[in-house]
Amino acid sequence: MMFYFQHFARILSVFLTVLVLGTVLQAPAIAQTSEAPALPDPLTEDAVHEMVARMSDDQVRALLLERLDAVAARQQAEAPPPTLTGRVVQLWTAFTLPVTDAVRKLPVLPEGQSRAIGNFVQKHGGLGGVLKMLGLIALTLAIGLAAEFAVRKLIARWRNLEAVSGDADTLAGALSFLGRRFLREMIGLVVFYIVIRTVGRALLDAQMLQFAAPMVTYLIWMPRVGAAVSRFIMAPERPDRRLVNASDRWADFLYLHTIGLVFLAGLTIFSVGFNTANGVPPESIRLAYWLDTLVYVYIIWIAWTAREGLTEMMRGTDPDRTRYDEVAAHYYPFFAMAVAALTWVAVGTLVGLGKVAQLIHGAHYVTMFWLLAAPALDTAIRGLVKHLVPPMSGEGHLAEAAYISTKRSYIRIGRVLVAGIVLMIISNAWDVDLMAIASGAEGIAGNIIGCLMTIAVGYVVYEGVSLWINRRLAKEQTSGEEAEVGGEGGGAGGSRLATVLPLLLVTAQIAITVIFGLLAVGALGIDITPLLAGAGILGLAIGFGAQKLVSDVVSGIFFLVDDAFRVGEYVEVEGTRGTVEKISIRSMQLRHHRGPINTIPYGEIPKLTNYSRDWVIMKLRFTVPFDTDPNKVKKIFKKIGASMLEDELYKDDFLQPFKSQGVFDFDDVGMIMRGKFMAKPGTQFTIRKEIYNRVKAAFAENGIDFARREVRVAIPGLEDTDQLNDSEKAAVAAAAGSAAQQQAAEGEAGAAGQKK
């Protein structure tokens, strides 16, 4: 035995000698507490032994550490970077290592946990000491609960929640009730925490507090806070005040299991600290791994069981839901299951890599909570926008579309802000400072974060501009009176803002997209100067090759500045008539009252006639027999005009009442009496139909007939038509038909001349 010991000592001495020699010969001088001895000359084994003997233990230790660090750094620098396959293998090994290790240590888990409990009992003076400590903890909790109960009762007597919360049917009333109740519960919990902290420090010693503090925090305090938050959201016993779209069954289910989930997560964190403090490291029995896995399984079970209720809750009650909202609501339960599964994989991989510093403080639970809460927060944003955005004050299809776009812009801006807040919370949980990386880091990570932040800011600006313009459009009266099918057109147009703002919106959106797109590319570290130069050259080439397009755009700008037409107005351009249905930066579309659409570039408009601006005068003609009294007809027209001014359906459409203009003309049938009225554009056709009906009824009431065209054939010497034979009757009919056609042609020619 002595021989082996001497042999081992000799080998160790040679190893230390070689190591020190290598350090002295290759490494630079190191900091020493005393001056290092000079190298012996010549450098023999005996001289080295003598030099080592003169060095202190600290000097030898420093030399060894420096040498080892230098060797490790050189090996790491010389090692080739791992390939993609190598990284995949490394991650797979890290993920499977905790799983296989936990399965392998299942048989020793009960014994290890019993050892931790035994050490805990022994540390506190045996079973009697533990019972004493638990009794003191129970007394402390009882005092804290009593203080909490007293404070909550005092608050309840002071302010009645039902009396001060308002109407339960409104969002404000529900938020007031639930918010006040949540605040009352939190005040009680704060009082509970302060009391047990004060009483606990008085009753428990330092060793007892090391157990009681985490136990109360993770197993009592956290589940109670989770219960208060879940009660605020689900309101299981108050469906009339419930904020989410959930039935009583699913509200109760989610409320109870949320508390159970928080308790299980707290138990996982508590078990790690408990076993470590009592001499059983977490990796020795892997109890925390199984409890953590149970958390994810619990989440998956909750999401699968309550998938119907979760879908309805995510769908919400907003009638203006988009297809994205429907799809997100349908797949949210599966999203929750995927988040739980991926978190389990990520946590297992980090454990296998040995990076557990943040896991001990529950960073993975923070991440999973906010990822699961993000879609619920989106639903809350949609609910708030639905209740907080005032009703639409405008009228018409354009105003309605702008109002819906306004709500969507509020929702999108809220989503970006919530996403940013959630991202910051998650990064802080993992001790990652995104702002520092974006501002100070050089490399791909800093560039990507800077690019994403630029895109986020640009998107908020994009939606902010859209929001401002759509809010203005939602206040516009854009309905107008649509032209009747087969009628003559001439409907009223929208406001000037309703015409200009859509073009302004498109222009602003394009400009913001281009500007922030270039800034985002620049944030990635790409030089955008060549892009700007190329864009300038391309724009110059397009300008030379598309002069007609430039002419159309410039002409359109001046037409809009002059307010020559608006969407919905009835105009005429070089014989083409129609309602302005759509405008762009280059052309306008006219919808003829019979259906066809004509697209007219602005540069091809020499003159534009607008039939729908401000007011319209309509003149009506009535032909009566020659023996009709014109004054009687005048009184009838005046009476009709006065009665229509009193009619609720028509009085607001008149600018001047219907009245007679007297005898306008004579023809071979009778006198032509004319009447006129002035009305708002787009209402003249409805008024005209009503005037025709009332004139017909008034003429019949007063014994006035409308003049009719008649053809009389005079046959000299014939007094009785019964004496005509068939050939003579045919000749008379042919003559009458020819005369009727001639009179009709003359009438059409006269009407055409009057129109000109």
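## Strand β8 and its partners

Over 9 bridges, strand β6, which spans residues 616–624, pairs with β8 in the antiparallel sense; in this pairing, valine 616 stands opposite alanine 679 of β8. The model described here is a predicted one, and strand β8 itself covers residues 671–679.

Strand β7, made up of residues 654–666, also runs antiparallel to β8, to which it is joined by 7 bridges, and here lysine 659 is found opposite lysine 676 of β8. The two strands β7 and β8 form a hairpin, with 4 residues lying between them. Strand β8, bridged to β6 and to β7, is mostly covered, since 8 of its 9 residues are buried.

## The crossing of helices α4 and α14

Elsewhere in the chain, helix α4 (residues 84–104) meets helix α14 (residues 323–353), their axes coming within 7 Å and crossing at roughly 95 degrees. Because angles of 65 to 115 degrees count as roughly perpendicular, α4 is described as roughly perpendicular to α14.

On the α4 side, the contact is made by Gln90, Leu91, Ala94, Phe95, Leu97, Pro98 and Val99, while α14 contributes Trp344, Val345, Gly348, Thr349, Val351, Gly352 and Leu353.

Definitions and conventions
Residues numbered from 1 in each chain as written. Predicted model: local features only at pLDDT ≥ 70, side-chain atom pairs only at ≥ 80, totals over all residues. Heavy atoms only, no water. Axes fitted to C-alpha atoms, helices over the stretch in contact; angles between N-to-C directions. Parallel < 35°, antiparallel > 145°, perpendicular 65-115°, else oblique. Contact = heavy atoms within 4.5 Å. Buried < 20%, exposed > 50% of the residue type's maximum accessible area, 1.4 Å probe, protein only. Pairing = 2+ DSSP bridges.
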